[in-house]
Amino acid sequence: MTRKHGDRRTFLKGVGGAATAVGLAGCAGLGGGSERDFFKLGAVTSLSGDLRFGGGVTQRGYDLWADTINREQGGIEIDGETYEVEIEYADAQSNPSAGADAASQMINDGADAVLGPYSSNVTLAVCPIMEQNSMPHITGSAESPQIWQEGYEYSFGTIPTVSIIGNEATSALLNLDPQPDSVYVTAVNEPFSVATGESMRAAAEEAGITVENYEEFPRDTDYTNVVSAAQDADPDLHLHGGHIGSHVNLVNAAEQLGYNPDGFLMHYGVNTGSYKDGAGAQGPYTFGATVWIPSVDRSGGALFDSPQAYADASEAAYGSAPDYTQAGSTAAGVVFQEAFKELGSAPPLTQDDKDELIGILEEIEVNTFYGDVAFETEGEYFHNNINTQTLLIQLGEDGSPSIVGPEEAATDEANYPVPAWDER
Amino acid sequence: MVDLGLFTQIVINGLLLGGIYVTIGVGFSLAFGVLEVVDFAVGEYVMVGAFMGAVLAPLFGAEGVFAIPIVLVVFFGVGALIQPLIHHVTTGDRPHPLLMGLVFTFGLATFLRGSVLTIFGPNNQDVPSSLLTGGVTVPGVGTFPVVRTVTAVFGVTALLVFMYYLYRTRGGMAIRAIAEDRTNARLMGININRYQSIAYGAYAALTGSAGVFIGMIFTANPGMGLQYTAFAFFMVVLAGMGYLPGVILAGIVLGLTQSFTAVYISGNLVLLVLFAIIYVVLLVSPAGILGKGEWAT
């Protein structure tokens, strides 16, 4: 019996000791500790839920940056030493409150900086957490103007707000010949999509074109009713703000009911594989908006030599062509990399380093494969990069995008007015 | 002044949308009526059916319609295999059999959704069809989208076939006896397991093939199931729990309400109006619009 007690005591001591050791090791690992020979970036994005497609796109963008700089340059060079980059992900679950929790987790885990979520909804929940904790944060994919109107000091974005993208793409479309007389505008009722629809409507009104109707509806609506109402108004163009699923449902319903405006302009994501696969035969000829595609003429710079070099790297890594969200996410990493170099502090960054980093980000101008990135320092686009030019694209018969506007950037003629459904 | 052309088109849209709901509601109502299982996996059967359509269609010259017979057979087999498991967790000494069934099918739904997401990724997938494209325009009435019309006809035909089977055949009589009183049915010599497997297999087959049609109408997406689970619940509440003939009326009410609210009130208020109707029916007529279902408790 005594021996048994002794054994039990020894066992309990052993377990206790092991648990303490594991706990301390865990604290050191998760908390970042005072010594760390790598830059640790937290990334909050939606790896599950409705937005997992976009979350996956941003993840590929962030990973491609980290993998490339670690492989090709051994990491980020500070005072002659190179420090690798590691990204730790937290799942926002397509849900703003889960995104806020994920952001807190990244901060508690000792991140040097945070790469932001996919979707404006989640970003709007994450930004205040970054603000409260003075954590530098660059999002590579959120586009709602609300984010920048709040004037968050610690949050930046590489993709221009949709109020610019939607407006400029619509203007480019409205300049095609023959010029339309009327448009019908629809939007899914969520912040990004509403901002998109409103920017499209504003562009049409600025151009003096009749807006037959502007309608918002929930994501899972039945689009035959949307199409029937639009068909009754008989517009020249249909403009739609939403995510990919809504675009697919809209063109399917249009084909089923024989609704044939001269063109559909939809944002976001008509040049993604998900739209191409989901819309099938209805996909070709759709107009879309973007700020980047692999064939765009931009000079390249830090890390990737050109847009095509970036696209090739993405193909090699993931077997898929990147879209502008992925490119914008990678660009966010590139901007952090250049800002870290300018800061010149080895990881882990102190709070003073992080505060200094914000000043550097406000001043920085980085030439990248994505375009020149610089952040606004005042006004309604505070800390948003609005320098990247908007492109009007159109899908060809094989689903590949061509730049058809604005005139100075176009590489192909638009197929406009688009053929009727029964003529394709 | 109401535009008559738009009005009739909205009626058509609503009726055909109701037809889509009927294809889902028939099987779900049958499963509840016969097996007393509230199947949380119904929407995921729709989703898996849609993905099977997307996978099989290219094998038949990009024609999703030809996938339907295969989906019917495969889902019937899978349903017949799953049913004994559901029977196992909802009978015997287990407490709260209805809850056990719900939990089991919820787990099944999660498993199916996760599996499809893992295999196919989060992208939308087209279920192509060259036979069911475009619409047929009837002058002075409106346009009937071919794929939606065929789906509605499929749903109503399936309902009529089920009703014929239930009320005009010995097998149907056996299933009704099981629904009435399982113990007495067993004492009468009815092979309960066999008929329950047939009923659940038929439900799964119908729901899976409804998924192929829905994939052709919209698209296949791993996240689409939950929406159809919700509408299946709406259907049985409106139809009356387990009351098959009420399914058509429930489909029409849901479809027309959705269409008219979207066009004449606001697209944003569709779900609010639908939920309001469900709550009112539950409060005023818990046995469904026609008052012939089991009481919703």
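Guide: Start with two centres. Taken over C-alpha atoms, the centres of domain 1 of chain A and domain 2 of chain A are 30 Å apart. Keep in mind that this is a predicted model. Domain 1 of chain A covers 38-160 + 298-373, and domain 2 of chain A covers 163-290 + 390-423.

Now look at where they touch. Domain 1 of chain A brings 16 residues to the contact, and domain 2 of chain A brings 16 residues. Together the two domains bury about 1300 Å². Carbon and sulfur atoms give 61% of that area. Three residues stand out on the side of domain 1 of chain A. They are A:Phe53, A:Glu143 and A:Tyr324. They supply 35% of the area that domain 1 of chain A buries against domain 2 of chain A, more than any other three residues.

Three helices of chain A each give at least two residues to the side of domain 1 that touches domain 2: α4 (120-132), α5 (145-149) and α12 (324-343). By class, that side of domain 1 of chain A has 7 nonpolar, 5 polar and 4 charged residues.

The structure holds 31 aromatic pairs over all chains. One of them joins A:Phe39 and A:Phe340. Their rings are stacked, 4.5 Å centre to centre, with 5° between the planes. A:Phe39 lies in strand β1 (residues 38-45) of chain A and A:Phe340 in helix α12 of chain A, so this pair ties together parts 301 residues apart in sequence.

Move on to the loop between α12 and α13 (351-363) of chain A. A:Pro348 is found there. A cis peptide bond joins A:Pro347 to A:Pro348, with omega about -5°. Chain A has another cis bond, from A:Gly405 to A:Pro406, with omega near -5°. A:Pro406 sits in the segment after β15 (401-405) of chain A. One more backbone detail deserves a stop. A:Tyr285 is not a glycine, yet its phi is positive, about 80°. Its place is in the loop between α10 (273-279) and β11 (287-290) of chain A.

Next come the salt bridges. Side chains of opposite charge can pair when their charged atoms come close. The count over all chains is 6 salt bridges. One of them joins A:Arg36 and A:Asp112, at 2.9 Å from N to O. This pair links distant parts of the chain, 76 residues apart. A:Arg36 is in the loop between α1 (2-31) and β1 of chain A, while A:Asp112 is in the loop between α3 (96-108) and β4 (113-115) of chain A.

Last, step out to the contact between chains. Chain B gives 34 residues to it and chain A gives 29 residues. The area buried between chain B and chain A is about 2500 Å². Here carbon and sulfur atoms give 45%. Across this interface there is 1 salt bridge. It is formed by B:Arg148 and A:Asp222, whose closest N and O atoms are 3.1 Å apart. Chain B and chain A also share 14 residue pairs in polar contact, both residues at pLDDT 80 or more.

Which parts of chain B face chain A? The elements giving two or more residues to that side are α1 (4-35), β2 (142-145), α5 (146-168), α8 (192-217) and α10 (246-265) of chain B. The largest share, 5 residues, comes from α1(B). By class, the side of chain B that touches chain A has 13 nonpolar, 18 polar and 3 charged residues.

Notes: Residues are numbered from 1 along each chain as its sequence is written. Chains are lettered from A and ligands numbered from 1 in the order in which they are written. This is a predicted model: local features need pLDDT of at least 70, side-chain atom pairs count only at pLDDT 80 or more; totals for chains, interfaces and linings use all residues. Side-chain values use heavy atoms; hydrogens and water are left out. Contact means heavy atoms within 4.5 Å. Buried area is the accessible area (1.4 Å probe) that two parts lose on being put together, summed over both. A salt bridge is a side-chain nitrogen of Lys or Arg within 4 Å of a carboxyl oxygen of Asp or Glu. A polar contact is a pair of N or O atoms within 3.5 Å; within protein, one must be able to donate a hydrogen and the other to accept it, and residues adjacent in sequence count only if both atoms are side-chain atoms. Helices (H or I, at least four residues) and strands (E, at least two) are DSSP runs, numbered from the N terminus. Ala, Val, Leu, Ile, Met, Phe, Trp, Tyr, Cys and Pro count as nonpolar, Asp, Glu, Lys and Arg as charged, and the others, Gly among them, as polar. Domain bounds come from an automatic or database domain assignment. Rings of Phe, Tyr and Trp (its six-membered ring) pair if their centres lie within 6.5 Å; planes under 30 degrees apart count as stacked, over 60 as edge-to-face and the rest as tilted.
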